[in-house]
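Colleague: I have the model open and would like to go through it with you. Could you start with one pairing that I can find by eye?

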Amino acid sequence: MKQPRVISFPHMADYAVPLELLFGRLFPHAEIRPAPPITKETAVLGARHSPDFICEPFKYNMGNFIEGLEAGADTLFQTGTGCRYGYYGELQEQILTDLGYDFQFICLNRDGVRPRQVYNTLRTLGSPLTLPRMAGAFAVAVESIRAKDKLADYVRRHGGGNGLEDIYNKFLQALLIADSVPKIFTLMRAHLKQMQDTSQTQPAPPLRVGIVGDLYTVMEPFSNYDLERKLAKRGVSISRRMSVTFLLFGPPNRRTLRQAEGYLRYPVGANGLDSVAQSVSYAKQGFDGVIHAKAFGCTPELNAVPALMNLSRDCDMPILHLSFDTHLSPAGFETRLEAFLDMIEMRRQQRHADTCKSRDGHRFHLHQRRGTR
C-alpha cells in the first residue's frame, strides 16, 4: 500500500495556521507537517547551506526545508513570487538535492499560478477535490487569513495587553477546525468582541509607531528580534499594514505611486514602494515615528532608504532604519530601539510643553516642514 504524502512548508509567523487548514482540506489523505517555529538552530542550519550574501528569508526558508525533510516530509511547497524570491525555488531545490534528500519540490511560481495550472498541479500530487471544491478550500483559507490579520492588527494597536494576546491565541486554535467562510466570520466577530470588551482606555495616549519594510522581516518575529513584542512592552501602539492580506488585496502600483507623493517616481521592487507610501501616510496622521525593518541583502528596501530619509527631513518625523541578519547583536538592536523610543517620547513631551505655553499666552510657533515635490 502506498504511503500517504508528508507535506511541509516554511514557517512564517502565525500564517502556519491558515496554511495548515488549507493543505489539510486540499490533501485529506496526506500528513501535514508545517515547519516548526524558527529558532537559532534553524537560522544556523539554513545559513550553513546558503550563499553568504543572499537575503535572510532565503536562509530561514532553507533551514525550515531541511528541518521538514529531517522530520519525514517528502513534499515541499514554496510560493516563489516577488523580487528575487521568485528565483529562490530553483536554487533551494538544487541545494537540497545536492545534500542527498529525496523529495518533490512544488514552486507555484514555476508550475503556474493561474487557477487551472494550480488545479492540475494539486491533482497531480493526489488532491481528490474537484475544481469547485478546491476553489472553496482556497476561499476558506483566504478568509481565515483576513480574519487573522484583522485581529492581529487590533492587538498591535492596543499594545497586546489586558489579555488580548490570549484571546488572539484562542482564535488561532479555533481557526484550525473552522471549515467554512461563515464559521470563520462568526469566530472573528466573537473574538473581536471579546477584545473590545477587555481592552481598557489608557490614561494617556500611547506613542504611535508605524512599521514598514519587506514582507517577511516585518511579519516573522524571529527575523526582527520580536520587534512588536518589545514595542508592546513599552505600551506603544503599533500600526503595521504589511501582511498577507495586504499582499493579496493591496492597491496597485499606480495608486501607491500617487500615495508616495513624488518621493518615488517608479516602483523599486518588492515592498520598497509600499514602505515609502505607508510612511507618507503615517506622517500625515501625525505618528510619533516609523521603524523601517528590512532583511540584510534586501535590495528593494535599500532602494527605498533615500526616499525615506527625505521624507523624514521634510515632515520632521523620525525614522529608525534596522537591517536584520544573523550577525546583528541583540544588545545593539535593543539599545538602538530604546534610544529611538526615548527620543520620540521626549519630542512628544516637548510638543506638549510648547502647546501649554502657547495656551498661556506665550509666543509659540511650531513649524512642521513639509516637502513639495
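Modeller: Thr-75 has Gln-104 as its bridge partner in strand E4, strands being DSSP runs of E with at least two residues, helices runs of H or I with at least four, all numbered from the N terminus. This is a predicted model, in which local features need pLDDT of at least 70 and side-chain atom pairs count only at pLDDT 80 or more, while totals for chains, interfaces and linings use all residues. Residues are numbered from 1 along each chain as its sequence is written, and side-chain values use heavy atoms, with hydrogens and water left out.

Colleague: Over how many bridges do E3 and E4 pair?

Modeller: Strand E3 (residues 75–78) pairs with E4 in the parallel sense over 4 bridges, where two strands count as paired if DSSP finds at least two bridges between them.

Colleague: And what is the strand order in that sheet?

Modeller: The order is E2-E1-E3-E4, an open sheet of 4 strands with parallel pairing. Strand E2 (31–32) and strand E4 (104–107) are the edge strands, each pairing on one side only.

Colleague: Changing topic, how is the protein divided into domains?

Modeller: Domain 1 covers 6–126 and domain 2 covers 206–373, with bounds that come from an automatic or database domain assignment. Their centres, taken over C-alpha atoms, are separated by 31 Å. The contact (heavy atoms within 4.5 Å) takes 17 residues from domain 1 and 18 residues from domain 2.

Colleague: How much area do the two domains bury between them?

Modeller: About 1500 Å², 70% of it on carbon and sulfur atoms; buried area is the accessible area (1.4 Å probe) that two parts lose on being put together, summed over both. In domain 1, Met-12, Tyr-15 and Glu-56 lose the most area to domain 2, together 34% of what that side buries.

Colleague: Which salt bridge does Glu-56 make?

Modeller: The side chain of Glu-56 meets that of Lys-59 at 3.3 Å, N to O. Because Lys-59 and Glu-56 are 3 residues apart in helix H3, about one helical turn separates them.

Notes: Salt bridge = Lys/Arg side-chain N within 4 Å of Asp/Glu carboxyl O.
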